[in-house]
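Here is a short briefing on charged side chains, for reading alongside the model. Have the structure open as you go.

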Amino acid sequence: MPPTPEQPHLNGAFYGPPIQPKTKSYYRPGRGGGGGPSCNPLTCCCSCICSCIFNLICQILITVAIFLAVVGVIFWFIFRPNVPKFHVADATLTRFTLSPTNNTLYYNLAVNMTFRNPNRRLGIYYDKIEANAMYHGQRFSSAEVQGFYLGHKKENNVSVAFKGEQLVVLDSSDKSKYDSEKADDVYYIDLKLRLKIRFKVWFAKTPKFTPKFECDLKVPLSSKGKVLSTNFERTKCDFDW
C-alpha cells in the first residue's frame with residue numbers, strides 16, 4: 001500500500017474572497033412625477049370640497065324629507081282630510097240614436113250631479129269642471145261647468161246637458177252591445193269629470209290638484225207616451241287623483 005501524501009500545514013485561519021460592505025440606497029423621487037407616486041395639492045383640495053358639498057346636499061335633502069313627513073303627519077291628525085264626494089242624482093235620456101249609414105250618434109242627455117265636501121275643517125274650491133260623456137270608451141260630448149266654492153260639510157247640486165250629434169265609430173262587438181241596449185231601451189253611458197281644485201285651510205289655500213270623477217251610468221231612454229221599464233238609480237262615482 002503506497003504511503004498517504006502529507007497534507008499542507010494550516011494555521012486555522014480561512015482566507016476567502018473579500019466581503020463587500022452593504023451600502024444603503026436612498027429613493028429620490030424624480031421631477032415631473034416620474035419614478036414614484038405624487039399628490040397634486042390642487043386635485044386633493046378639489047376632491048375634498050366636492051365630497052363636502054355632496055355630503056351637505058344629502059343632509060339637506062334628508063332633513064327636508066323628514067320635516068315634510070312630520071308636517072304631513074301633524075296635518076293629517078289635525079284636519080283628517082277626506083276626498084271629495086260626488087254622485088249622479090238623476091239622468092234623463094230622450095234621444096240616443098246611432099245611424100247605421102254614417103256612424104253618427106244623435107243624443108240628448110241631461111244629468112243632475114251632487115258635489116259634497118265631507119271635511120269638517122277644509123273647504124274646497126272647484127276652479128274648473130270639465131264633464132265628458134262617453135260611450136264604450138269614445139267621447140261623444142263635453143261641457144264646462146261653472147266653478148264654485150264648497151264649504152265644510154256642504155253640498156252643491158249642479159246640472160249639465162249634452163245635446164247634439166257626433167261621429168262615433170264602434171267595432172262589431174260594441175255595435176252588438178248597442179243593439180242589445182237599444183232593445184232594452186237602457187244605455188250604458190260613462191260620465192267622466194276632470195277637475196282643478198284647491199283646498200282651503202283657515203286663511204291659506206293649497207296649490208291646485210287635478211283629480212277625476214268617473215261614473216258608470218245605466219240610463220233608460222224616455223220618450224213621450226212611453227212608460228219606462230226601469231228608472232234611473234242614484235249612482236256613486238269613483239274619485240281618482
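A polar contact here is a pair of N or O atoms within 3.5 Å; within protein, one must be able to donate a hydrogen and the other to accept it, and residues adjacent in sequence count only if both atoms are side-chain atoms. By that rule, the side chain of Arg-198 makes a polar contact with the side chain of Asp-127, at 2.7 Å. Please keep in mind that the model is predicted: local features need pLDDT of at least 70, side-chain atom pairs count only at pLDDT 80 or more, and totals for chains, interfaces and linings use all residues. Residues are numbered from 1 along each chain as its sequence is written, and side-chain values use heavy atoms, with hydrogens and water left out.

- You will find Arg-198 in strand β7, residues 186–201 (strands are DSSP runs of E, at least two residues, numbered from the N terminus).
- Beyond its neighbours within four places in sequence, Arg-198 has contacts (heavy atoms within 4.5 Å) that include Gly-123, Tyr-125, Lys-205 and Pro-207.

**Salt bridges**
- The structure holds two salt bridges (a side-chain nitrogen of Lys or Arg within 4 Å of a carboxyl oxygen of Asp or Glu).
- One joins the side chains of Arg-198 and Asp-127, at 2.7 Å from N to O.
- Asp-127 belongs to strand β3 (residues 122–135) and Arg-198 to β7, so this pair ties together parts 71 residues apart in sequence.

Methods
Helices (H or I, at least four residues) and strands (E, at least two) are DSSP runs, numbered from the N terminus.
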